[in-house]
Amino acid sequence: MLSTLLASDVVAPFSSPKIDYHALAPELVLAGVIVAVLLADLFLEESKKWVLSTIAGFGLLAAFIPIVTLAVSGHRARSMFGGAYVVDTYSLLVKGIFLLAGYVVVLLSQNYLEEGDYYQGEYYFLLLSSILGMVMMGSSRDLVTIFVSLEFLSIPAYMLAAWRKRDLKSNEAGTKYYLLGVFASAVMLYGMSLLYGDTGTTILKGIGAKLQNGSMSPVAVLGIVFVIIGFAFKVSAVPFHNWAPDTYQGAPTPITAFLSVASKAAGFVALINLIYVAFPHGGDVFQPMIGVMAASTMTLGNVMALRQTNIVRMLAYSSISQGGFILMPLAVAGGKSSGNALTAIVTYLAVYAATNLGLFAVIIAVSRKTRSGEVSSWGGLFSYAPLLGVLATAFLASLAGIPPLGGWVAKFGAFRAVITSGTNWGYALAIVGAVNSVIAFGYYGSLMREIWMKPVPDGDTAPIRTPSSLNAALMICGGATLALGVVPGIILRFSDIIKL
Amino acid sequence: MNAVMIAIIEPQPIWYLMLSALLFSIGAFGVLVRRNPLIMFMCIELMLNAVNLSFVAFSRIWGDIGGQSTVFFVLVVAAAEVVVGLGIIVSILRRKPGATADDISLMKG
């Protein structure tokens, strides 16, 4: 058996696949930086470990350069490895979002790690590995590539969630994230094997050509359902959201910011790749499923957020509910508003990344002084830290979707996508979304009330000193949130050119 | 007589698919029911191996090498996951010997 197999294959000589190094440059630069961080960690003495965060930060910015050169090079799409890895405008845009979000997370981590006495070398190594996985996810157009990128970004994240290893809460966060994450990938893999079994190929385009509405076999339907369930865990959609609040609360705060923004965005990017390339004609199966998940995710996330007293936990539920809004346009993908939906999701991901990272930067800055994660510890923030108070209000208002800020543009896009689909289904989702936007004011407003109207707890009005890295993160996020809202043309112009 | 019976019944690829579905269900059931983190983890490994079996069976049906090469990726990633998972589980069992999934619930709500 083996000999015949070998004989038949040896006839055709092996030819190495053509590799477009320019298209792979962001990944290659990142891989180089990862090795540099790992080696530098070996040879640096303990007092000089801060250099590592600088290498990581500049490395992420260096990886951004080839993204810009690729964007202006004018090629519509560069496809490699038989269509398994595609670099197009959409993937460049999401790669840019991942790299900038990663840079902000490095800025957030700097003082947190130095003051908390954690293992810096390994931390930045794992963080960069996870970002590399996300960057790869942007280009994955094959079941195997998607799987490898997903694990590449998840496995370091499991370790980062359990990073404070002497704290039981962090252990618990890591364990829950790990067990549910691996369970979800097993479910997703089984779905992938069924899709492969039905279509005989792992390339998403090939799968998309074979799956047609109305003529799908039960095996393919089951495959689609399992794959979507697997990613629903990753984006913490209800009813697969249980791990999120506990993991977010127990993990180190910069990692919480990273998980709730970048890791979630990576899950959405994978869903977009699958739905737009592999299941464009499978709307009958995935649309009702994602629609129900979107409606229940935003509702449950909001209702649970209303009763939280811990800020990080409240933001965890808020991020679940925002995830529902990002899912909403996906529920009408494949119909006539497919293009609108893609634009809406990518816009939402960019705005959400800027806003949520900014809010976490404020949380880290304030808790440096108050040493508390309770909502009441924000009392009277404006009176002694006016800049932080104003920024926090801006980020909260953006999350709530108040007009001059980025969140408004994002929500507008999401609603436009579901309404232009012209189905009853889309109108129903829009109504659920509108009701939820109102409910969300409840808890965003209660945080704002603490900042502006409540007295300072214990009367301690010493000003908050923020280190320069945190200031930089606050400025980047604040600037991006405001710019995306005031000049929505920026992101809309970028997202008009994105096509898969 | 027995030898004749065995010769007649030739294993079909579909049998492997059924076995894989059965293994996957046992694994998934185990994750949901068992409370020891290590055993939950073993059940997940069972699910991953069910996936491998199903990839190989489908690969055989299609006469396509893609499914079999996917198995290698799954194997390698599963090995990496074991390393990380055991590290996390050992760190929690060191703090709380004999902890079950019900004990790991400091955070609620």
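A residue is termed buried when its relative accessible area is under 20%, exposed when that area is over 50%, and partly exposed in between, as found with a 1.4 Å probe on protein chains only. By this definition Lys49(A) is buried, with a relative accessible area of 10%. The structure described here is a predicted model, in which local features need pLDDT of at least 70 and side-chain atom pairs count only at pLDDT 80 or more, whereas totals for chains, interfaces and linings use all residues. Residues are numbered from 1 along each chain as its sequence is written, chains are lettered from A in the order in which they are written, and side-chain values use heavy atoms, with hydrogens and water left out.

Salt bridges were considered next, each being a side-chain nitrogen of Lys or Arg within 4 Å of a carboxyl oxygen of Asp or Glu. Over all chains, the structure holds 9 of them. One joins the side chains of Lys49(A) and Asp41(A), with an N to O distance of 2.7 Å. Asp41(A) is also buried, its relative accessible area being 15%.

A second salt bridge links Glu172(A) and Lys176(A), whose closest N and O atoms are 2.8 Å apart. Helices are DSSP runs of H or I of at least four residues, and strands are runs of E of at least two, both numbered from the N terminus. Glu172(A) and Lys176(A) are separated by about one helical turn, because they are 4 residues apart in helix 7 of chain A. In general, an α-helix has 3.6 residues a turn, so residues three or four places apart point the same way. Glu172(A) is buried, with a relative accessible area of 2%.

Through salt bridges that share partners, Glu172(A), Lys176(A), Asp246(A) and Arg313(A) are joined into one network. Helix 13 of chain A, which contains Arg313(A), spans residues 311-330. Between the C-alpha atoms of Arg313(A) and Phe152(A) the separation is 26 Å, the two residues being 161 residues apart along the chain.

Helix 10 of chain A, which spans residues 243-250, is mostly covered, with 8 of its 8 residues buried. Among them are Trp243(A), Pro245(A), Asp246(A) and Tyr248(A). The elements that cover these buried residues include helix 6 (143-161), helix 7 (168-199), helix 9 (218-234), helix 11 (253-278) and helix 13 of chain A.

Ala305(A) belongs to helix 12 of chain A (residues 283-306) and is buried, at 0% relative accessibility. Contact here means heavy atoms within 4.5 Å. Apart from neighbours within four places in sequence, Ala305(A) is in contact with Met314(A), Tyr317(A), Ser318(A) and Tyr443(A). Ala305(A) and Ser319(A) are 14 residues apart in sequence, and 9.5 Å separates their C-alpha atoms.

A nonpolar core is a set of buried Ala, Val, Leu, Ile, Met, Phe, Trp, Tyr and Cys residues joined through side-chain atoms within 4.5 Å. The largest such core has 210 residues, and Leu330(A) and Trp378(A) have the most contacts inside it. Helix 14 of chain A (residues 338-370) gives the largest share of this core, 20 residues. Beyond neighbours within four places in sequence, the contacts of Trp378(A) include Ile311(A), Val362(A), Ala392(A) and Leu447(A).

At the interface of the two chains, 42 residues of chain B are in contact with 46 residues of chain A. Buried area is the accessible area (1.4 Å probe) that two parts lose on being put together, summed over both. For chain B and chain A this area is about 3700 Å², of which carbon and sulfur atoms give 75%. Trp62(B), Ile88(B) and Met107(B) supply 19% of the area that chain B buries against chain A, more than any other three residues. The count of salt bridges between chain B and chain A is 0. Helix 2 (13-33), helix 3 (37-62) and helix 4 (66-95) of chain B are the elements that give two or more residues to the side of chain B that touches chain A. Helix 4 of chain B gives the most to this side, with 15 residues.
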